[in-house]
Amino acid sequence: MTLPEETITVPAVEMQDIVLRFPGVLANDHVNFTIYPGEIHALLGENGAGKSTLMNVLTGLYKPQSGEIRIHGKKVSFNSPRDAIAHGIGMVHQHFMLVENQTVTENVLIGLDTPRFTLNLKKYDQEISNLAEQFGIHIDPTAKIWQLSVGEQQRVEILKILYRGATILIMDEPTAVLAPQEADELIETLKEMAAQGKSIAFISHKLTEVQHVADKLTVLRRGRATAERMDLKDYTRESLASLMVGREVIFNLHKCEQTAGREVLRLEDVSALNNKNLPALRNVDLALHEGEILGIAGVAGNGQSELVEVITGLRPCAGRIWLEGKDIANKPPSFSIRQGLAHIPEDRIGVGSAPNLSLTSNIIMKRYDQQPVSQKWQLNYVAADSLADGLKTEYDIQAPNVHTHARKLSGGNLQKLILARELSSAPRMVVAMQPTRGLDVGAIESVQQLLLNQREQGCAILLVSEDLDELLSLSDRIAVMYEGQVVGVICSQDFDLTQIGLMMTGTLTQDLPENARVEETPTEGTPSSFDEVLDNLRNYEESAQAAQPGEIEPSSESAEPLEESPQPEPPTPPEEPPLNLTEKERVLRKVLGEKYKQGDEE
Amino acid sequence: MRIPYPVLLKRTEDTPKWLPVVTSVGAVLLAFIISGIVLAATGANPFKVYSYLYKASFGSWGAFSDVIVKATPLLLIGLGCSLAFRMRLWNIGAEGQFFVGAFMASAVVMVPLVNLDTTPRWAIISLMAVLGMLGGALFAFVPGILKAKLNINEIITTLMLNYVAVLWNNYWIFGKWSESGFQMTKTFPKSAWLPRLADYAKQVPAFSGMTLHVGILFGLFAAVIVYLIIYRSKWGYKITLIGDNRRAARYAGINITTNTILVFMVSGALAGLAGMTEVSGVVHRLQERISTSYGFSGVIVAWLAKLHPFAVIVVSILFGALLVASREIQPSGISFLIQGITLFLVISSDVLLKYEIKWVRPAQETAQ
Amino acid sequence: MNWIEIFRSGISTGTVLLIASIGEILTERAGIQNLGVEGMMLVGAMAGFKVAFTTGNVWLGLLAAIAAGGLLSLAHALVTIHFQADQTVSGLSLTFLGTGLALVLGDGLTGQTGPVIPRASIPLLSQIPYLGPVAFADHNLLVYFGYLLVPVVTYFINKTRPGLHLRAVGENPAAADTLGVNIYRTRYLYTFIGGCFAGLAGAAISVAIAPGWYSNLTVNGQGWIAVALVIFAHWNPWRAAMGGYLFGILRRFTLDLQGPRILFGLANPFFYNTNLVFFLQMTPYILTVIALIWGSSAARKKRIGAPAALGTPYQRGERGL
């Protein structure tokens, strides 16, 4: 990629000495940020470093206390997002800003001055189709947002901005929700847009990705810029990391070698619906053993949340879920809690804690009914407080005292609180969903170490994460989910990013012979036989008939009678996917098929 | 946080303990001022009205006894509401539960369920109280189960059932139980009356004419029980947890369905008991107008007391005074008006507890 | 029984519910739940009657009712939008406030008679057999206004730019905000409009359908029924209209049930035992509960829900969005 001549071009964006203070936090401390037309400028930093805040200043959501913004050389002052839009600035937020039950076109038209009154949707559908084509984006403008995949929704967000004639695009961690191949595709689109003269600010905390996509780089740490408009080639990953974190980053995880023990959890033919009553899990079979971390990989929204909810009793399902020999499917959460199931939920504030209650009340959430906290009908608050105090010290939860409200804790401390509650009860099994998302590096390290400690103590851990690096470094096995199905299970010695990525987009198993998934292998459930599964997956293109082994069925040591787990029925054919899905598949296959071959040659 | 001009709100980290009390008292005072303005606009003299209000309620021991009598149902209903509201269940049906409680208590006498001549007084009264509570609880069970199982908006169901309860009562007092065509039952025999101070006028002459009855003791006892439930019991912990974060409670293995129904029933039982105290302690018969919107005032009492059971005692006495005084005052809606404005100001004043408010000119507006 | 009359008067009384619930639909579509409809209707009924009575001009009365309902709703808007108070409690206090205001200001109006909305028949349409006399003959003008209101509001919500913004604000205010839609202004506006409609619905009772001021019996729970209808109608004006008319017809039907000695060939129990009338009077309230159960289970099946942001105050995030 050729860089534009900076000397002769006026910068598209020039932010100078931006200062923005939130109560108690200096979010941006004299930050400068400049982008030239046709340039992709990465903004790198940890969570909470002030990246999003800085960009929200540029989109007019926040007004800085001091500092100057120039757009194409002209000084501007934004009072609302509207002003920023008028200057050609648009942002794709990390959490998509879409109205679920409106169509693509309607979403694009929100906030515009034309049409004046009557919406002539047909005419605008056409306009948006044309615009999408111009940038090589495939989308059906009449589709409702909830019918679209995450990747497609992101394209709607980009369309919204392009339709407004934006020349400056801000992408807030755009790849966080995408599979590696989808991310590559997005990056191609972004480069295409840059080539057409757009300026792109690319917020990220992933070092590799930044090196791959950006021309220039600015690094933020705790609101200050530690590098401004640097050429990427001057940096190594290590030096970037230390700019970001302020110290040498050593992922000092201690993961010991150990063989998995007996089976703790087994899912048999589990299916479930999501909140929209659409199939979210389809005939899932999984097994999990003592002292094992099973990672669940997948693009967000492919059934991971539903899987976790089904296991923890928060969602009804069909099929059977054995935990320590007891069927916990469709049992209330209290039942599985009694069986020693701990759950670290994805939504720490919305599910994992009671924000307006004290630390103590949050700690005793699952043991208010046990000695010594429980005393007949009474709750012993003295015992509860001392329990909470002990855990607060043990897990190093930073809070004034145990009467502090949970909502006043920082993200990392709240997660420690949840871990303290869940892990201190000596669980048999832990279900952890996105346990490190949104935490800073220090906290991530300690959370991951805590999970590994549990593994050492013989706990079975189901780890759902969208961070593949985390999965690769923690898991003993990784199961990949696509469209509610487990499309493959891979052992740690065979971890391969390309492979997992292909599975995440559903490319690898589409033509998988049906019996490959379900045929029972009467062998001992040693993980090594997964190699065969893997070989099968690798060779599926050459010979679809070559399938021999299937999903491992660990021997039924559990007390359950064999007739309870009958010969698996042939999987019910997946329901007819909606039209837009097949289109998507076609596109993905076309794009990824070639890549897959390239990857194979290497 | 940024809010479009001209105010800026900043979340406060710590709220001083005295602030809620100050804002509540301030809200009540302000409500009286605003109501005074409305009164003045209608041509009445607000000062006269208020001084009359005071005299009619706290002017003498007799008046004060009347106030306590009025405060009794408010206290019981307010306690029930505060329990339900803690779980964020909007039981606005106390009025209906009150009527059903009164009906069930009356049934003891009117059917009669026991021999009124031979059964001891304490047994009759206990039976009336138990049936009153049962009636209220069963009547609250309906919106409770609809909310718990089908997630039907409980505000609407409880309100609609209020009308049903009143009409149900009317059916009996206009028909079957009508006292020679009047829209009321016969007067209950003395053995079905709650003991009251006037009964002891022979021993203590000062008590003559005092209508204060034992019901207030029920109320105070219930306040202690509700206090123990909320602040000491495991059940109270569950209620609080569900109220603060329903999803977290579900995640923690708490059965929300059962607790929703239970809380509704306890809330209804307290309202039913209030209905029983009213027929057995005050009017001594079932008739059409046994409630001056106690059910609704109870909602305000609970909210004004910030759902604390002991604060409910104080607030219900204040509202009892308002009800006593406004009986004879014209125009008749004035107590509603004061209650409405008070509630509005109380919820508005909550913003002071959550945020510090800064006034700014739009030009100076900056991100907070 | 005179079926034509039952349907006629059902449509007439149903118009009140129709107007009030369409107002509430607009408010809720913007994400604000206003449970104070009963209070706003009472104030509207009082203001409408009082002004019509004192000035002798019924149209001034209507205007006053609209203004009164709208003004009262602004209290709810301020408290829930700016102060972020609980919308349920605020709506309840609005009911109290409205009832109190109406009773205080309406003092002395009871028993008076004032001007009423004129009646009219629609040429040609009123000649249609059955339908004509039921729907197009000799109705007060507000009934015809109701007919117009439904398609107009439906079109407005689904096919216009302000309607698009309204839906966006109620479904995902953060998304609308980033695109430059003013959330607070939109929510104030539609809360106000909802209040105006509630005021008008109140006046429809006191100066058209059941003229006069009967203190709080004037509205007698219809505001609450209107709120329930919104849920039953899945926030759709057409269904709200159907529900409103159906309620009106059932109400009138239960009244007329007491008339005849013989009902469906049997001795009419409601004629011979007048006390059974209380059970008939319960039916609208019980029907409301049943409609609510039915409506919400149907909504669940069809995956139609309340506007996603209904009842939640909007504020920009303290950090980021």
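Predicted model: local features only at pLDDT ≥ 70, side-chain atom pairs only at ≥ 80, totals over all residues.
Domain bounds here come from an automatic or database domain assignment. With that in mind, the C-alpha centres of domain 1 and domain 2 of chain B sit 31 Å apart.

**Chain B as a whole**

- Chain B is built with 13 helices and two strands.
- Its radius of gyration comes out at 22 Å, close to the 21 Å that the globule rule gives for 368 residues, so chain B is as compact as a globular protein of that length.
- Along the principal axes, the C-alpha atoms of chain B fill a box of roughly 80 × 55 × 35 Å.
- Buried residues make up 54% of the 368 in chain B.
- Take the contacts in chain B between residues at least 6 apart in sequence: 78% of them join residues at least 24 apart.

**The two domains of chain B**

- Domain 1 of chain B covers 1-44 + 331-368, while domain 2 of chain B covers 73-330.
- Where they meet, eleven residues come from domain 1 of chain B and ten residues from domain 2 of chain B.
- Sorted by type, the domain 1 side has six nonpolar residues, five polar and no charged.

**Where chain B meets chain C**

- This contact draws on 44 residues from chain B and 45 residues from chain C.
- On the chain B side, the elements giving two or more residues are helix 5 (121-150), helix 6 (154-174), helix 11 (294-304) and helix 13 (334-354) of chain B.
- Helix 13 of chain B turns up again here, giving the most to the side that touches chain C, with twelve residues.
- The chain B side splits into 30 nonpolar residues, twelve polar and two charged.

**Where chain C meets chain A**

- Here 24 residues of chain C are in contact with 28 residues of chain A.
- Helix 7 (161-171) and helix 8 (173-178) of chain C each supply at least two residues of the chain C side.
- The largest share of that side, six residues, comes from helix 7 of chain C.
- By type, the chain C side holds nine nonpolar residues, six polar and nine charged.

**A sheet in chain A**

- Chain A has an open sheet of six strands with mixed pairing, in the order 16-19-20-13-21-22.
- Strand 16 (341-344) and strand 22 (485-491) of chain A stand at the edges with a single partner strand each, so one side of each is left without a neighbour in the sheet.
- From one strand to the next, the twist averages 15°.
- Inside the sheet, strand 19 (residues 429-433) and strand 20 (residues 460-464) of chain A run parallel and are joined by five bridges.
- As part of this arrangement, A:Met429 stands opposite A:Ala460 in strand 20 of chain A.

**Helices against the sheet**

- Helix 9 (residues 304-311) of chain A lies across strand 13 (293-297), strand 19, strand 20 and strand 21 (477-482) of chain A, and it runs at about 150° to strand 19 of chain A.
- Helix 16 (residues 497-504) of chain A packs on the sheet too, touching strand 13, strand 21 and strand 22 of chain A.
- The direction of helix 16 of chain A makes about 30° with that of strand 21 of chain A.

Notes: Residues numbered from 1 in each chain as written. Chains lettered and ligands numbered in written order. Contact = placed C-beta atoms within 7 Å. Helix = DSSP H or I, 4+ residues; strand = E, 2+ residues; numbered from the N terminus. Nonpolar A, V, L, I, M, F, W, Y, C, P; charged D, E, K, R; others polar. Pairing = 2+ DSSP bridges. Axes fitted to C-alpha atoms, helices over the stretch in contact; angles between N-to-C directions. Rg over C-alpha atoms; globule rule 2.2 N^0.38 Å. Buried ≥ 20, exposed ≤ 12 C-beta atoms within 10 Å, placed from the backbone.
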